[in-house]
Amino acid sequence: MIATLEEVSTTNSAGAVQVVASLECVNKNYGPVQALKGVNFRVRAGEVVALLGPNGAGKTTAVKLLLGLLQPNTGKVRVLGGDPTNPENRMRTGAMLQVGRVPETLRVREHIDLFSSYYQNPLPTAAVLAAAGLENLSERKFGDLSGGQRQRVLFALAICGNPDLLFLDEPTVGLDVEARRMLWEQIRQLVGRGKTVLLTTHYLQEADALADRVAVINKGEIIAEGSPSEIKAQTAGKRIRCITSLTIDTLRQIPGVTEVKEDREAFEIHTPEAEPVLRDLLARDANLSGLEVSAVGLEEAFLALTQDSSKNGNH
Amino acid sequence: MSTATLALSSTQMQRSPAHTATIYLKEAKYEFLKYLRLRMYTVSVLSFPIMFYVLFGLVLNSNQSIGATRVAAYLIPTYGTFGVIAASLFGTAAGLASDRGLGWLEVKRASPMPPFAYFAAKVATSLVFSTIIVLALFTLGITFGGVRMPVASFARLLGILAAGSLPFSAMGLALGYFTGPNSAPPTINLIYLPMSFCSGLWVPIMFLPKVLQKIALVLPPYHLSQLALGAVGAGTRESVIVHWEALAAFTMICLGIARIGFQRDQEKMYG
């Protein structure tokens, strides 16, 4: 027995939903550097959660804590109701980490054979190869694979034990568009089989494509959490670009303006709603020129979100 | 939400002894294959002692003797020791330093691999490569050097040199914990090449300056080579017990250092 249901389950309107992995008030420091600051984070059974953030935000630290590879300075890490370093837990989890070097002289099939042997009820090798799209590469040595193929092997090692809970740290980093879509498809198939997945990414698009829930992390803090559409709504808005004689401070005081940036000769103004700001702008500066209004892209929305939080952090 | 897939009470998750044994065997098998296919390893580790033996034992000095022992027979224990040390140090230290430094060990640790299987595989691989080197020297010596010994002597020599891979695997683990992926190979060379020379593995110990002969007493390869020379009838300079004790003490020290490194790594994670 790892834990009783009562210890770990929470209840919502849909009935009992188990929390299968959680960080509770977790602080993690590397010397003077605070990698995680009071992070609260939960993964529930059967969902795909994306931990979204820029490089150095603390995503990998969070994953390594959940894998028991790191210990928090303060706070609690629980996986499947127990300590993440439990050998029993490791039997039921799979992990894809960012690795500098994998033994290059072993063949794909051999890597999978070895990792499968660690588990109690591994998937058949053929099924793993198929799920990771490696059927034609099983006899290749790891060193002879392309970047995308290598990622797929690491993915195969994460799933070969048929784990219930998967941690994927930046699964598509460094992949081209096609390879990324292929891996997305493979992750979706896993979810279709009822697995729980926590993935980290710095692409909002990726979180949007895969996740039921997104937690945005920046500088060690979770700054937003919700469904992908909620996250997008929080950050969605318009960008107004214009050349004006108004000062940056005046622009910032216009109601509805969330952010103003100088961009060469022009200003870039962010706002949730363009029309009132435009009326105000034109009223204040009759000579305003070069006006452009555009929707904020997903990546920019995400950038705005993380930049806002760092501004708050500096206060 | 599929809650049924994640029953939190664990079912039977204990491995059977047979399953655990399978893991250890597979870990060792693939560790061996990994190095067998790594040309940098096989060339430097296998070919150097063999090349030296062919050159100095078979081509150049084949008709000479050291004491009562023919050169072709005398150099099997010494180049055998040299080969065993290289195989053990490069296999463990370089591999461990690289796995530690470049993230592969973390992937392994995140998996349900029994942690000890990783180290056991490294030691077993060193043992197998050591055996291969010694058997290669035997074959060359018997075929081209006219080396003749009772089978029991060959067996003793093989046993001593294979056992000799253990202290140097321990040393490799210690080095692997205190070097990085790039610094491990040069560090190994910097230590084991001078150590081999001073222990009389290249030039027989009695031909070395007196000062070096004194220094050799504190060098583990000296003690291993003396035990090996004893097996071919070339005699040991100190009593057999002293040599075994020296190697045992050296192994303990290295394992102690490796343990400190292992704990330091853990504490870094627990820090």
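Helices (H or I, at least four residues) and strands (E, at least two) are DSSP runs, numbered from the N terminus.

## Model and numbering

This is a predicted model, in which local features need pLDDT of at least 70 and side-chain atom pairs count only at pLDDT 80 or more, while totals for chains, interfaces and linings use all residues. Residues are numbered from 1 along each chain as its sequence is written, and chains are lettered from A and ligands numbered from 1 in the order in which they are written.

## Layout of chain B

Chain B contains 10 helices and two strands. Their order along the sequence is α-α-β-β-α-α-α-α-α-α-α-α. The C-alpha trace of chain B spans about 80 × 35 × 35 Å along its principal axes.

Of the 271 residues in chain B, 42% are buried. A residue is buried if 20 or more other C-beta atoms lie within 10 Å of its own, exposed if 12 or fewer, and partly exposed in between, with C-beta atoms placed from the backbone. Two residues are in contact if their C-beta atoms, placed from the backbone, lie within 7 Å. Among the contacts in chain B between residues at least 6 apart in sequence, 80% join residues at least 24 apart.

## Helix H1 of chain B

Helix H1 of chain B covers residues 17–36, 20 residues in total. From its first C-alpha to its last it reaches 28 Å, close to the 28 Å expected at 1.5 Å a residue; the expected span is 1.5 Å times one less than the number of residues.

Which residues of H1(B) are buried? They are B:Ile23, B:Glu27, B:Tyr30, B:Glu31, B:Lys34 and B:Tyr35. These residues lie on the same side of H1(B) because they cover an arc of only 135 degrees around the axis, the arc being that of the directions from the helix axis to the C-beta atoms. On the other side of H1(B), B:Pro17, B:Ala18 and B:Ala21 are exposed. The packing partners of the buried residues are helix H4 (108–118) of chain A together with helices H2 (39–60), H3 (71–101) and H5 (115–144) of chain B.

## Positive phi in chain A

Most residues other than glycine have a negative phi. A:Leu80 is not a glycine, yet its phi is positive, about 50 degrees. A:Leu80 sits in the loop between strand S5 (74–79) and helix H3 (87–91) of chain A, and is buried, with 29 other C-beta atoms within 10 Å.

A:Glu170, also not a glycine, has a positive phi of about 45 degrees. The loop that holds A:Glu170 runs between strand S7 (165–169) and helix H7 (177–192) of chain A. A:Glu170 is buried, with 22 other C-beta atoms within 10 Å.
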